[in-house]
Amino acid sequence: MSMTFDHIVHTQDIALYQDGCPTLIEESLASEVRVALIYNGISHTVMMATPRDLEHFAVGFTLSERIVENISEIKSIDIESVENGVLVYIEITQRRFMALKEQQRNMAGRTGCGLCGVAKLEQAIKPVIPVESETVFNIHHLVPALAALRDQQETFKVTGATHAAMGIFSDGEIAGSFEDIGRHIALDKLIGSVSRKGERKPDAVLLTSRASFEMVQKVASAGIPVIFAMSAVTSLARDLAEKSNITLVGFCRNNRATVYTHGRRITANAL
């Protein structure tokens, strides 16, 4: 069952104070709802998300968190709107579900020990998957891609509250973009969309957010070789990108870009 959610943006009359003087205006707010991901009838996690493209999110999250290895192991997705949010029912193969249950059992058992932080970090940072690609991306394609991303951020234009993730091919062609209040979720939606449609995966992703290790981990799981982030790069993201053979580029704005890892994939040849 596919469900459509119409209230992506809410409006409210508010008082705006400028120079100490109030003005009554209509303000737009991005919709934020609880989204519960339920695997084979067992609740796994609850995320705060924008209630659009949730089928893409479910697929992208399931793949990027390595709950399954490929989309064929996702048997069905059903979405139900309830009073307090949205329930997303994901049916996966029994083999993958047993592995997920074992992971949850191990995590629940790690309490009250002095090395819990180390154990949890090891659980959070999944085994490195090197991305085997010699794609070369011309940095001159980045400027029009940034402009295209701004044009496609419809929710951000009216609320200023969402992040976006865009896919880009090496020739500069856009492979789609998605918005969400959560930067991870926007990326999951992009990954899920490409996977569901069986399309060629993009050569790069452009993020409106910073690049943290979780974002690099998700991109590595999707097998995408280049990350462009409009904001900063964290040290752990850099380390994971280096190990994952991913080209990581930060501060992509105002005609600049800072290359942190595997710069061989970036060229500046005239178009």
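1. Contact, as used in this note, means heavy atoms within 4.5 Å. On that basis Glu-242 touches Thr-261 and His-262, when residues up to four places away in sequence are not counted. Glu-242 lies in helix α8 (residues 235-243); helices here are DSSP runs of H or I with at least four residues, strands are runs of E with at least two, and both are numbered from the N terminus. The C-alpha atoms of Glu-242 and Thr-261 are separated by 5.7 Å, although the two residues are 19 residues apart along the chain. With a relative accessible area of 42%, Glu-242 is partly exposed. Buried means under 20% relative accessible area, exposed means over 50%, and partly exposed is in between, computed with a 1.4 Å probe on protein chains only.

2. On the basis of the note: this is a predicted model, in which local features need pLDDT of at least 70 and side-chain atom pairs count only at pLDDT 80 or more, while totals for chains, interfaces and linings use all residues. Residues are numbered from 1 along each chain as its sequence is written, and side-chain values use heavy atoms, with hydrogens and water left out.

3. Overall composition. The protein chain comes to eight helices and 14 strands. Of its 271 residues, 46% count as buried. Among the contacts with a separation of 6 or more, 50% are accounted for by residues 24 or more positions apart.

4. Helices α1 and α6. Two packed helices are described by the angle between their axes and the distance between the axes. Helix α1 (residues 54-64) and helix α6 (residues 183-197) pack at an angle of about 95°, with their axes 6 Å apart. This makes α1 roughly perpendicular to α6. The contact is made on the α1 side by Glu-55, His-56, Phe-57, Val-59, Gly-60, Phe-61, Leu-63 and Ser-64, and on the α6 side by Ile-185, Asp-188, Lys-189, Ile-191, Gly-192, Ser-193, Ser-195 and Arg-196. These residues divide into six nonpolar, six polar and four charged. The axes are lines fitted to C-alpha atoms, for helices over the stretch in contact, and angles run from 0 to 180 degrees between N-to-C directions. Angles under 35 degrees count as roughly parallel, over 145 as roughly antiparallel, 65 to 115 as roughly perpendicular and the rest as oblique. For residue classes, Ala, Val, Leu, Ile, Met, Phe, Trp, Tyr, Cys and Pro count as nonpolar, Asp, Glu, Lys and Arg as charged, and the others, Gly among them, as polar.

5. Ser-193. This residue of helix α6 counts as buried, at 5% relative accessibility. Leaving aside residues up to four places away in sequence, Ser-193 touches His-56 and Phe-178.

6. Helices α6 and α7. The axes of α6 and α7 come within 10 Å and cross at roughly 5°; the two helices are therefore roughly parallel to each other. Arg-183, His-184, Leu-187, Asp-188 and Ile-191 of α6 make the contact with Glu-214, Met-215, Lys-218, Val-219 and Ala-222 of α7. The residues of this contact comprise five nonpolar, one polar and four charged.

7. Leu-187. Leu-187 is placed in helix α6 and is buried, with a relative accessible area of 0%. Residues up to four places away in sequence not being counted, Leu-187 touches Ala-165, Val-205, Leu-207, Met-215, Lys-218 and Val-219. Leu-187 and Met-166 are 21 residues apart in sequence and 7.9 Å apart in space, C-alpha to C-alpha.

8. Helix α7. Seven of the 10 residues of helix α7 (residues 213-222) are buried, so the helix is largely enclosed by the rest of the structure. The buried residues are Phe-213, Met-215, Val-216, Gln-217, Lys-218, Val-219 and Ala-220. Gly-223, whose phi is positive, near 75°, follows α7.

9. Aromatic pairs. The structure holds two aromatic pairs. Rings of Phe, Tyr and Trp (its six-membered ring) pair if their centres lie within 6.5 Å; planes under 30 degrees apart count as stacked, over 60 as edge-to-face and the rest as tilted. The rings of Phe-137 and Phe-228 have centres 4.9 Å apart and planes at 55°, so the pair is tilted. Phe-137 lies in strand β7 (residues 137-138) and Phe-228 in strand β11 (residues 226-229), so the pair ties together parts that are 91 residues apart in sequence. Phe-137 is buried, at a relative accessible area of 1%, and Phe-228 counts as buried at 0%.

10. Cysteines. A disulfide is a pair of cysteine sulfur atoms within 2.5 Å, and by this rule the count comes to zero. Cys-21 is partly exposed, with a relative accessible area of 48%, whereas Cys-252 is buried, with a relative accessible area of 0%.
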